[in-house]
Amino acid sequence: AILRSFTTEMKKISLFAFSFMFAALFAVSGFSQGAAQPGAGKIGWIESAAFGDEKAGITRYINALKALDQEMKPRAAELQAMQTKIRTISADLEKMQSNPAVPVDQKAAAAKQYDGQRLQSELEFKQKEAQAAYAWRREELLAPISGAIFQSLQEYAKTKGYTVVLDISTIGNADQPSPILVLDPSANITRDFITYYNGRATATNTPTR
């Protein structure tokens with residue numbers, strides 16, 4: 001449970017940050033180009049969250065996430081083992097108190113309770129430590145890839161004649177109301193750009209420590 005929840009939540013943060021960055025960069029880049037060439041070009045939209053789609057996303061981005069998961073497995077396994085010990089201690093304490101006819105060994109119960117509280121504190125500390133390590137390594141792996149994707153998108157937009165490219169990944173997020181009211185499905189360039197980027201990418205190996 002710890003492995004899945006920890007990795008899943010951090011991936012959500014990663015994708016959200018990624019889409020937020022693209023939304024800002026696309027708007028600035030697109031509208032500045034539009035100001036230079038009034039009335040020229042087309043408007044397209046993408047859903048940057050699709051870049052992380054394991055089956056149809058951007059290969060380098062997906063490989064980086066997989067590498068990150070692999071690196072975090074030892075930490076996640078350690079957290080899982082600690083959680084299992086805490087559950088075992090809790091179950092032992094319940095058994096000690098389950099039979100009213102048998103007096104509870106207060107000294108043994110106190111020792112187990114102490115061990116459980118100590119492990120719980122250690123688990124919370126190690127979870128925070130792992131989350132910080134995940135965030136740092138995620139940034140190290142994904143920042144250069146995000147930059148390369150943005151650069152390629154600029155090239156793609158110029159080649160295809162797009163003056164403005166919008167990222168709609170945050171539409172529907174209550175914390176980030178969107179001014180976009182209508183989207184023409186024919187202006188969705190997500191899949192075409194992913195194909196374009198994957199076809200042009202030459203470096204598929206993610207950096208290591």
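Here are some notes on the helices and strands of this predicted model.

1. Overall layout. Reading from the N terminus, the elements go α-β-α-α-β-α, which gives the chain four helices and two strands. Of the 209 residues in the chain, 33% are buried.

2. The H2/H3 pair. Helix H2 covers residues 59-98 and helix H3 covers residues 106-160. Their axes come within 9 Å and cross at roughly 170°. Since angles over 145 degrees count as roughly antiparallel, H2 and H3 are therefore roughly antiparallel to each other. If you want to know what the contact is made of, the residues of H2 with H3 split into 22 nonpolar, five polar and 14 charged. In general, the angle between the axes and the distance between the axes are what describe two packed helices.

3. H2, length and bend. H2 has 40 residues, and its first and last C-alpha atoms are 54 Å apart, close to the 58 Å expected at 1.5 Å a residue. Have a look at lysine 73, where H2 bends by about 45°. A proline, proline 74, follows within four residues of that bend.

4. H3, length and bend. The 55 residues of H3 should span 81 Å at 1.5 Å a residue, and the end C-alpha atoms of H3 are 76 Å apart, which agrees. H3 has a bend too: about 35°, at leucine 142. Here again a proline follows within four residues, in this case proline 144.

5. Methionine 96 belongs to helix H2.

6. The start of H3. Check aspartate 105 here: one of its side-chain oxygens comes to within 3.2 Å of the backbone nitrogen of lysine 107.

7. The end of H3. Threonine 159 sits in helix H3. With a relative accessible area of 62%, threonine 159 is exposed, the cut-off being over 50%. The side chain of threonine 159 also reaches back to the backbone oxygen of glutamate 155, at 2.9 Å. As a reminder, an α-helix has 3.6 residues a turn, so residues three or four places apart point the same way. After H3 comes glycine 161, with a positive phi near 85°.

8. Into strand S2. Tyrosine 162 is part of strand S2, which runs over residues 162-167. Relative accessibility is 14% for tyrosine 162, so this residue counts as buried. How far apart are tyrosine 162 and lysine 42 in sequence and in space? They are separated by 120 residues in sequence, yet the C-alpha to C-alpha distance is 4.4 Å.

Notes. Residues are numbered from 1 along each chain as its sequence is written. This is a predicted model: local features need pLDDT of at least 70, side-chain atom pairs count only at pLDDT 80 or more; totals for chains, interfaces and linings use all residues. Side-chain values use heavy atoms; hydrogens and water are left out. Axes are lines fitted to C-alpha atoms, for helices over the stretch in contact, and angles run from 0 to 180 degrees between N-to-C directions. Angles under 35 degrees count as roughly parallel, over 145 as roughly antiparallel, 65 to 115 as roughly perpendicular and the rest as oblique. Ala, Val, Leu, Ile, Met, Phe, Trp, Tyr, Cys and Pro count as nonpolar, Asp, Glu, Lys and Arg as charged, and the others, Gly among them, as polar. The expected span of a helix is 1.5 Å times one less than its number of residues. The bend at a residue is the angle between axes fitted to the seven residues ending there and the seven starting there. A polar contact is a pair of N or O atoms within 3.5 Å; within protein, one must be able to donate a hydrogen and the other to accept it, and residues adjacent in sequence count only if both atoms are side-chain atoms. Buried means under 20% relative accessible area, exposed over 50%, partly exposed in between (1.4 Å probe, protein chains only).
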